[in-house]
Amino acid sequence: MSSAVSQTLSSEKSFWFFIGPAFLVSVGYMDPGNWATSIEAGSRYGYDLLWVITLASIIAILMQVLSAKLGIATGKNLAQMIRVEHPGKTGTLLLSSAALAMIATDLAEFLGVAIALNLLFDIPLVVAIFLTVFDVLLILWLERYGFRWIEMTILAFVATIGLGYVIELWLAQPHWVEVAKALVVPNSTIFDTTALFIAMGILGATVMPHNLYLHSHQVITRSEGAGASLPERKRFYNMMKWDTVLALVAAWMVNSAILIMASAAFHEQGLLITDIDEAYKTLGPLLGSAAALTFAIALLASGIASSTTGTLAGQIVFESFFKKRPINILKIRVYIRLATMVPAAIAILLSTNPLSLLVLSQVILSMQLPFAVIPLVMMTSDSLLMGELVNTSTTKFFAWGTTILIVVLNLWLLIMLAWDGLSSMVLH
């Protein structure tokens with residue numbers, strides 16, 4: 001096919017053809033881990049940490065755009081490119097870190113499904129955990145019809161979550177002037193160790209390593225219709241940027257809504273919520289049974305959707321980690337599920353607070369984030385790899401600035417936790 005004909009075919013692809021990959025990714029930005037961190041942040045500090053969600057969402061948009069650009073320029077996902085660029089121990093270390101991030105991600109997501117099943121149908125939590133394995137079957141069934149079906153199904157779940165929180169905010173009646181200010185103005189609350197821990201959880205729950213791997217892979221599903229010439233690839237990249245911005249702005253709105261609801265419903269009543277089922281049970285008396293039911297349904301939609309995308313991302317990483325293609329996909333997905341199901345079931349049997357487990361999983365994600373972000377920024381700044389799509393000087397400035405911020409915040413949290421631990425030992 002001549003370049004001119006290819007150009008024509010590419011230009012005929014509508015905007016809607018390119019919409020989807022980022023929305024598939026976006027559900028990871030409103031998963032049960034986000035619920036856990038935002039509920040605790042809102043009930044403990046009111047609107048004070050709303051700006052952290054805004055900052056984390058801006059970082060997420062930047063990193064997801066870079067992830068999409070890597071897939072478009074190279075035709076490979078982030079995990080494959082790490083294996084190509086770092087074939088030795090460095091690559092193994094980076095992908096091992098990614099695997100740990102997948103476990104932390106999956107822990108939050110299937111715990112959310114289990115908690116929602118427990119709340120809606122009174123299924124014992126441990127039993128509900130083992131029922132979550134069926135979302136693997138959901139993925140396999142949807143894949144028979146192509147990735148577009150998976151994307152549309154996930155989009156339906158996102159719409160369910162969004163509608164749920166429209167209802168929640170209407171019932172909670174927050175102070176919108178305070179909300180508007182808190183969304184953009186930082187405050188001194190962040191200097192409190194607990195607040196920083198939760199803020200790092202918000203960062204880990206918002207900018208998630210597995211989404212960087214998934215997005216770089218998912219954009220390739222559109223590449224066949226995008227064309228191969230430079231103008232076509234640039235148009236493809238522009239469409240992917242719009243897809244990313246629209247999807248992650250929607251995720252920012254949902255994440256903000258969770259914290260706003262927790263602040264309006266719990267903090268203003270002097271209630272500190274440290275468990276998701278406690279939030280569900282408290283919403284009923286405060287805002288009515290409709291609020292509690294909406295909360296549980298939205299949580300179930302969030303858990304199923306994010307667990308589906310988390311497993312897909314895990315498959316991408318494990319395929320590159322083991323350097324085997326093709327592999328037994330069903331086995332890999334079951335292994336990923338068991339790797340998180342067993343320790344979580346043990347923790348719950350030992351009466352560990354599920355919300356604390358969720359927040360901890362998000363902090364672990366935040367700690368793993370540099371191992372995905374640094375190679376991503378390095379590769380997208382390499383003109384030999386990226387060609388004309390290489391990062392501009394402005395993009396490099398913000399990308400490296402963001403990366404340094406993530407690393408500094410992680411180090412700061414570790415130092416503060418160590419200092420608090422040392423102080424506690426001295427006092428006792």
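Helix H7 (89-121) and helix H18 (354-380) each supply at least two residues of a nonpolar surface patch. The patch is made by Leu-100, Ile-103, Leu-360 and Ile-364 and covers about 290 Å². This is a predicted model, in which local features need pLDDT of at least 70, side-chain atom pairs count only at pLDDT 80 or more, and totals for chains, interfaces and linings use all residues. Residues are numbered from 1 along each chain as its sequence is written, and side-chain values use heavy atoms, with hydrogens and water left out.

**The patch and its terms**

- Patches are made of residues with over 30% relative accessible area and no salt bridge; like charges are joined within 9 Å, and nonpolar side chains (Val, Leu, Ile, Met, Phe, Trp, Tyr) within 5 Å.
- Leu-100 lies in helix H7 and is partly exposed, with a relative accessible area of 40%.
- Buried means under 20% relative accessible area, exposed means over 50%, and partly exposed is in between (1.4 Å probe, protein chains only).

**The whole chain**

- The chain has 20 helices and 0 strands; helices (H or I, at least four residues) and strands (E, at least two) are DSSP runs, numbered from the N terminus.
- Of the 428 residues in the chain, 55% are buried.
- The accessible surface comes to about 17600 Å², and 70% of this belongs to carbon and sulfur atoms; accessible areas come from the Shrake-Rupley method with a 1.4 Å probe, and for residues only the protein chains shown count as cover.
- Among contacts with a separation of 6 or more, 84% are between residues 24 or more positions apart; contact means heavy atoms within 4.5 Å.

- Ser-320 is placed in helix H16 (residues 289-322) and is buried, with a relative accessible area of 6%.
- Ser-320 and Ala-79 are 241 residues apart along the chain, yet their C-alpha atoms are separated by 5.9 Å.
- Leaving aside neighbours within four places in sequence, Ser-320 is in contact with Asn-77, Ala-79, Gln-80, Arg-83 and Leu-95.
- In helix H6 (residues 78-85), the residues Leu-78, Ala-79, Met-81, Ile-82 and Arg-83 are buried.
- At the start of H6, a side-chain oxygen of Asn-77 comes to within 3.1 Å of the backbone nitrogen of Ala-79.

**Ser-256**

- Ser-256 lies in helix H14 (residues 230-265) and counts as buried at 5% relative accessibility.
- The side chain of Ser-256 reaches the backbone oxygen of Trp-252 at 2.8 Å.
- Apart from its neighbours within four places in sequence, Ser-256 is in contact with Leu-50, Ile-53 and Leu-183.

**Salt bridge**

- A salt bridge is a side-chain nitrogen of Lys or Arg within 4 Å of a carboxyl oxygen of Asp or Glu, and by this rule the count comes to 1.
- Glu-40 forms a salt bridge with Arg-44, with the closest N and O atoms 3.1 Å apart.
- Both residues lie in helix H4 (residues 32-45), 4 residues apart, which is about one turn of the helix.
- Glu-40 is buried, with a relative accessible area of 12%, whereas Arg-44 is partly exposed at 29%.

**Aromatic pair**

- Rings of Phe, Tyr and Trp (its six-membered ring) pair if their centres lie within 6.5 Å; planes under 30 degrees apart count as stacked, over 60 as edge-to-face and the rest as tilted.
- By this rule the count comes to 1 aromatic pair.
- Phe-397 and Phe-398 form this edge-to-face pair, at 5.3 Å centre to centre and with 80 degrees between the planes.
- Phe-397 is exposed, with a relative accessible area of 60%, while Phe-398 is partly exposed at 48%.

Terms used. A polar contact is a pair of N or O atoms within 3.5 Å; within protein, one must be able to donate a hydrogen and the other to accept it, and residues adjacent in sequence count only if both atoms are side-chain atoms.
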